[in-house]
Structures are given as structure tokens and as C-alpha cells.
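Hi,

Here is the structure I promised to pass on. Have a look at it first, and then read on for what turned up.

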Amino acid sequence: NVGFAMGITGTSVAKDASDIVLMDDNFVSIVKAVMWGRNVYDSIRKFLQFQLTVNVGALLISFLSSVFLSETPLKAVQLLWVNLIMDTFAALALATELDRPPCRRDESLISPTMMRNILGQVFYQFITLMFVIYQGHKFVNVPVGRGLGTDAVPTTHYTMVFNVFVMMQV
């Protein structure tokens with residue numbers, strides 16, 4: 001629940017107790033404030049869905065490739081670069097429709113639909129990247145990047161893995 005108070009004709013007690021103080025005493029401002037509040041809520045949900053997809057995918061690939069290959073094709077600097085660039089793309093999620101019904105009070109921030117989208121995209125990315133890690137060098141005829149150890153210079157194969165990961169995020 002959000003409390004509104006009128007800024008000009010409202011009492012100081014009402015202004016102190018309210019969450020939002022309308023400065024123009026116009027009831028149309030209440031409708032606009034509600035619409036913008038819903039916009040902010042929707043934007044947060046879009047940002048969370050996008051960021052969780054990127055980060056869960058990167059975490060899964062890094063962890064499982066470290067377990068099975070004893071190395072990760074995605075280096076720390078590459079993951080930092082991806083997060084920097086993907087934050088820019090996440091800003092695109094801040095534009096949304098303003099006319100929609102309110103959310104239920106007990107509704108979760110991450111809805112079942114969002115969770116399904118996140119897990120589906122992570123599964124797709126995981127399968128695709130594991131294929132590129134294990135079989136990608138055969139299709140583009142590049143040297144294998146696996147098994148060279150953590151001190152090896154970046155290879156064309158792992159650069160291809162990184163580029164596929166970035167393109168799937170875009």
C-alpha cells in the first residue's frame with residue numbers, strides 16, 4: 001500500500017505519514033504516479049530477468065567447464081566485460097507500457113513465467129556453449145583450446161566460445 005498526500009492543501013501530519021506527496025493537488029497526478037510506479041516495478045522485473053539469465057548462464061558454464069576441463073573458457077576479464085556491456089543492454093528494458101492492471105499484493109518479484117524464461121534460456125545457452133566447447137573446433141577448423149591449462153595464451157577456440165556467449169546474450 002502507498003499513501004498519498006496533497007502538497008498544497010494537505011496537512012503536515014498527512015504529508016509526514018504518506019509515502020508520496022503530490023505537489024500540485026491534482027487528482028490526475030495520482031493516476032500518473034500509479035502508472036509510473038508500475039513502470040518502475042516492471043522495469044525492475046525485466047532487469048532481473050535479463051541479468052539473472054546472463055549471470056546464471058555464465059556461472060553454469062564457468063563452474064561445469066572448470067569441473068570437467070579443469071579450466072574455464074570464459075576468463076574473469078571477459079566476464080567483467082560481458083557484465084559491463086549487458087548492463088547497457090539492460091537499460092533498454094526500462095521502457096514499458098504504462099497502462100496495466102495492478103499486481104497482486106502477494107505476487108513474487110520473479111514470476112513463474114520469468115523463471116521459465118530464465119531457465120529455458122540458460123538451458124539453451126548451456127547446451128550450445130558446451131557443444132561449441134567440445135565440438136566447435138571441428139566445424140571452423142581452429143586449434144582446440146581445451147587441455148592447455150590456465151597459463152596458456154587465449155586460443156581461437158575459446159575466443160569463439162566467448163563470442164558465441166556474447167551473441168546469445170544480445
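Before the details, one cut-off you'll need: a residue counts as exposed when its relative accessible area is over 50%, as buried when that area is under 20%, and as partly exposed in between. Asp 106 has a relative accessible area of 63%, so it goes down as exposed. Keep in mind throughout that this is a predicted model.

**The overall layout**

The chain has 5 helices and 2 strands. Reading from the N terminus, the elements go β-α-β-α-α-α-α. There are 170 residues, and buried ones make up 32% of them.

**The core**

Which residues touch the most other members of the largest nonpolar core? They are Ile 61, Val 82, Leu 129, Met 130, Ile 133, Val 161 and Phe 165, out of 20 residues in that core. The elements giving two or more residues to it are α2 (27-69), α3 (76-90), α4 (112-140) and α5 (156-169). Of these, α5 gives the most, with 7 residues.

Val 161, leaving out neighbours within four places in sequence, is in contact with Pro 73, Leu 129, Val 132 and Ile 133. Val 82 sits in helix α3, and it counts as buried because its relative accessible area is 1%, where the limit is under 20%. Again not counting residues up to four places away, Val 82 touches Val 54, Phe 162, Phe 165 and Val 166.

**Salt bridges**

How many salt bridges does a search of the whole structure find? It finds 2.

One joins the side chains of Glu 107 and Arg 45, at 3.0 Å from N to O. This pair links distant parts of the chain: Glu 107 is in the loop between α3 and α4, Arg 45 is in helix α2, and they are 62 residues apart. On the Glu 107 side, the residue is partly exposed, at a relative accessible area of 25%. Arg 45, by contrast, is buried, with a value of 10%. Beyond its neighbours within four places in sequence, Arg 45 is in contact with Glu 107, Ser 108, Leu 109, Ile 110, Ser 111 and Met 114.

The other joins the side chains of Asp 106 and Arg 104, at 3.3 Å from N to O. Are its two partners buried or exposed? Asp 106 is exposed at 63%, and Arg 104 also counts as exposed, at 55% relative accessibility.

Phe 63, Val 67, Phe 68 and Tyr 134 make a nonpolar surface patch of about 430 Å². Helix α2 gives the most to this patch, with 3 residues. Tyr 134 belongs to helix α4 and is partly exposed, with a relative accessible area of 31%.

**The strand end**

Finally, Val 21 lies in strand β2 (residues 20-22). With a relative accessible area of 30%, Val 21 is partly exposed. Aside from residues up to four places away in sequence, Val 21 touches Ala 5, Met 6, Gly 7 and Lys 15. Its C-alpha atom is 9.4 Å from that of Ile 8, which is 13 residues away along the chain.

Over to you!

Terms used
Residues numbered from 1 in each chain as written. Predicted model: local features only at pLDDT ≥ 70, side-chain atom pairs only at ≥ 80, totals over all residues. Heavy atoms only, no water. Helix = DSSP H or I, 4+ residues; strand = E, 2+ residues; numbered from the N terminus. Buried < 20%, exposed > 50% of the residue type's maximum accessible area, 1.4 Å probe, protein only. Contact = heavy atoms within 4.5 Å. Core = buried A, V, L, I, M, F, W, Y, C linked by side-chain atoms within 4.5 Å. Patch = residues over 30% accessible without salt bridge, like charges linked within 9 Å, V, L, I, M, F, W, Y side chains within 5 Å. Areas by Shrake-Rupley, 256 points an atom, 1.4 Å probe, with all protein chains shown as cover. Salt bridge = Lys/Arg side-chain N within 4 Å of Asp/Glu carboxyl O.
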